[in-house]
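Let's walk through this model together, one region at a time. Please open the sequence and the coordinates side by side before reading on.

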Amino acid sequence: MTFTLPELDDRVTWSIHILDADTRQVAATHHSDTVCRTASIGKVFLLIDVARRIVDGRLDPHRLIEIPEEHVVEDSGLLYRMFEQRITAYDAALLVGAVSDNLATNALIHLCGLDSVHAVAAELGYKDTALLDYIRNERGPGLPWTPSYGTAAELSDLMIRLNRDEILNKSVCGLVSRWLAADTDTSMVAAGFLLDPLAHDEPEYQGMELRHKTGSTSFARADIGILNGPARSVAYAVAANWSDESGDLRALVLGAMHRIGDSIRVLVTGLP
């Protein structure tokens, strides 16, 4: 239940942790306690906050979201392209899970309160992982240094706990997992699973099903998830950061991520 990681370029700061989701036996690890910028990965904590509010009755899932003018953003997502932007809180969370929607993210943070969302990671016992801020067009002086950060050790643990229904309660985990199952970004570690990018919430290629979240910037790639298969379930977290001085290293980073994903696929399926 172990494999060798591919060669990792030393111009990249990596944090990697991959383990059996049932036994917690480590399959591969590399600087798993190193803190990395994780781009949109922290949106998982937002989804947890939204889900618990729906489950405990504080938030009506049919409530229409409001988009404050100061938090209007574009880039990742679909909502900013949509004709009708007043959608339900539930559907906004689905957009965050499916396409990491920035505008829906900011609307939901505004709805829940940034302090509440920021506190989720610490409430769950994580010391080096959190969502810090709204998604912003520019991140200047006086603002948090990144929208979210984390370590592979803590993020892989998060995915195990979600898979085991151990984040708050089974209903909360069920909602979050449903949203994450819609993630269409299989460009990173998940590329090695060879799944249908648009339909992998039920057993698909080689009997695998995936719940995951990704994050991307011009200097970072991150992918965390739980991959269930016929042989076993594997939780993984892979984050990569690099500096502007090194140039755009996404090609070699994504190549390494794809190879890691292929090794995970072999573990969960028992097939070549």
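The largest pocket is lined by 32 residues, and Ser40, Asp75, Asn102, Ser216 and Thr217 are those nearest its centre. About 670 Å³ of space lies in this pocket. On a 1 Å grid over the protein atoms alone, a pocket is an open set of points where a 1.4 Å probe fits, with protein on both sides within 12 Å along at least five of seven lines, and lining residues have an atom within 4 Å of a point. Grid points are joined across faces, edges and corners, and the volume is the space filled by probe spheres set on the points.

Before going further, keep in mind that this is a predicted model, where local features need pLDDT of at least 70, side-chain atom pairs count only at pLDDT 80 or more, and totals for chains, interfaces and linings use all residues. Residues are numbered from 1 along each chain as its sequence is written, and side-chain values use heavy atoms, with hydrogens and water left out.

The lining of the largest pocket divides into 10 nonpolar, 13 polar and nine charged residues. Here Ala, Val, Leu, Ile, Met, Phe, Trp, Tyr, Cys and Pro count as nonpolar, Asp, Glu, Lys and Arg as charged, and the others, Gly among them, as polar. Helix H2 (89-99) and strand S6 (209-217) each supply at least two residues of this lining, and the largest share, four residues, comes from S6. Helices (H or I, at least four residues) and strands (E, at least two) are DSSP runs, numbered from the N terminus.

Five strands form an open sheet in the order S2-S1-S8-S7-S6, with antiparallel pairing; two strands pair if DSSP finds at least two bridges between them. The edge strands are S2 (26-30) and S6, each pairing on one side only. From one strand to the next, the twist averages 5°. Angles run from 0 to 180 degrees between N-to-C directions, and axes are lines fitted to C-alpha atoms, for helices over the stretch in contact.

At one end of this sheet, S6 and S7 form a hairpin with two residues between them. Nine bridges join S6 to S7 (residues 220-228), and the two run antiparallel; Thr214 has Asp223 in S7 as its bridge partner. Turning to S1 (residues 13-20), four bridges join this strand to S2, again antiparallel, and Ile18 stands opposite Ala28 in S2. Helix H5 (residues 152-163) packs on the sheet, touching S1, S6, S7 and S8 (233-241), and its direction makes about 30° with that of S1.

A second open sheet has three strands in the order S3-S5-S4, with antiparallel pairing. S3 (36-37) and S4 (130-131) stand at the edges with a single partner strand each, so one side of each is left without a neighbour in the sheet. Two bridges join S3 to S5 (residues 148-150), and Tyr149 in S5 is the bridge partner of Arg37.

Tyr90, Ala93, Leu94, Gly97 and Ala98 of H2 make the contact with Leu175, Arg178 and Trp179 of H6, where contact means heavy atoms within 4.5 Å. These residues divide into six nonpolar, one polar and one charged.

Another pair is H1 (residues 43-56) and H4 (residues 114-123), packed at an angle of about 100° with axes 8 Å apart. H1 is therefore roughly perpendicular to H4; angles under 35 degrees count as roughly parallel, over 145 as roughly antiparallel, 65 to 115 as roughly perpendicular and the rest as oblique.
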